[in-house]
Amino acid sequence: MSDQPAVLCLRFRRIGGGLPDSAGYEGLLALLGAFTPVVEAAPPGAALADVGGALRYFGQDAAGLASVIRVRALALHGVDCAIGAAANPMLARMAARQAAGGTTFVVPPGEHAGFLASKPAAALDGVGTATARTLCGYGLDSIGRIAAAPLATLQRITGVRTGRELWERANGIDRTRVVPNAAARSIAAERSFPRDELDPEQHRRALLSLTEELGARLRVDGQVCRSLAVSVRYADRTGYATLTRSRTLTEPTAHSVALTSLAYRIQDSFALQRARVRGIGLRAEGLHDAERAAHQLTFDPVDERARRIEAVSDRLRARFGPGAVKPGRLAA
């Protein structure tokens, strides 16, 4: 495996804040496609590109090509890019997280060990909160210490397969490749407040109305979604900032109760209870036909009753309009 930086990870942000919309995101993927056919979409606001075959053609190194891409993204789409460049996707993603907006952070050939060593264990791709806590309990609180640990020790702590993956990643080894794909289909909606809204209950009501709207749209179209992304625009010391986080559903669904439950958990993870919120957005991602989606059978009568009520509500909305039926919390 070559150490030459040939993989770019790009994080997109609109000028003024926020993620690009669906059309803008597809335009950015098309822009990358003009440089290399090996582009992997990572919606809602990122992408991977293997530019190994394009460097000689364009007469640039990875950093130079990244600069050209950034200028075109800004000029054509009004989008700024933070770009990480490295020898493999894992290092490129970690470099992109360290890059400031409008800059490229390059992990030079042979210097991945120094780049990784001082970072906390949780910063390593694939290490979640529980795994990081376990590793820290054994004194393996940094990537450098994980890399220096004997492979057999890691395998005893985390299991044979996980231990090997941890050791390889801590040593800068990533066996994955950039896999060309199209952007996952998505639908989105948003609610704006006429002024900065401090009441958490109003934030909750807005999010509930969004999940009800998107759930109804999905069911009408015969689709389900794989994940949700919540965006919150709030006032800070410099004006307004936008936070966006996404999570995957337990199973693809268009069930409003499931969408609401996940959206609330994402919102809680922001810890913005006292924030002055100006707007909340919700995006349902990874859409596909409901007929092809597997549904986990359940013996929970409450869930089954909720689904039957939902079906009746959809029929009433189709006949009398979208406002004919709504949750009591929104009707108050």
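Which residues are exposed on the other side of helix H1? They are Ala23 and Ala30, where exposed means over 50% relative accessible area, buried under 20%, and partly exposed in between (1.4 Å probe, protein chains only). This is a predicted model, in which local features need pLDDT of at least 70, side-chain atom pairs count only at pLDDT 80 or more, and totals for chains, interfaces and linings use all residues. Residues are numbered from 1 along each chain as its sequence is written, and side-chain values use heavy atoms, with hydrogens and water left out.

**The two faces of H1**
- H1 is a helix of residues 22-33; helices (H or I, at least four residues) and strands (E, at least two) are DSSP runs numbered from the N terminus.
- Gly24, Tyr25, Leu28, Leu29, Leu31 and Leu32 of H1 are buried.
- An α-helix has 3.6 residues a turn, so residues three or four places apart point the same way.
- The cover over the buried residues of H1 includes strands S1 (7-14), S2 (39-42), S3 (46-50) and S4 (79-86), as well as H3.

**Ser227**
- Ser227 lies in strand S7, residues 223-236.
- Ser227 counts as buried because its relative accessibility is 12%.
- Leaving out residues up to four places away in sequence, Ser227 touches Arg247, Thr248, Leu249, Arg283, Ala284 and Glu285, contact meaning heavy atoms within 4.5 Å.

Conventions:
Axes fitted to C-alpha atoms, helices over the stretch in contact; angles between N-to-C directions.
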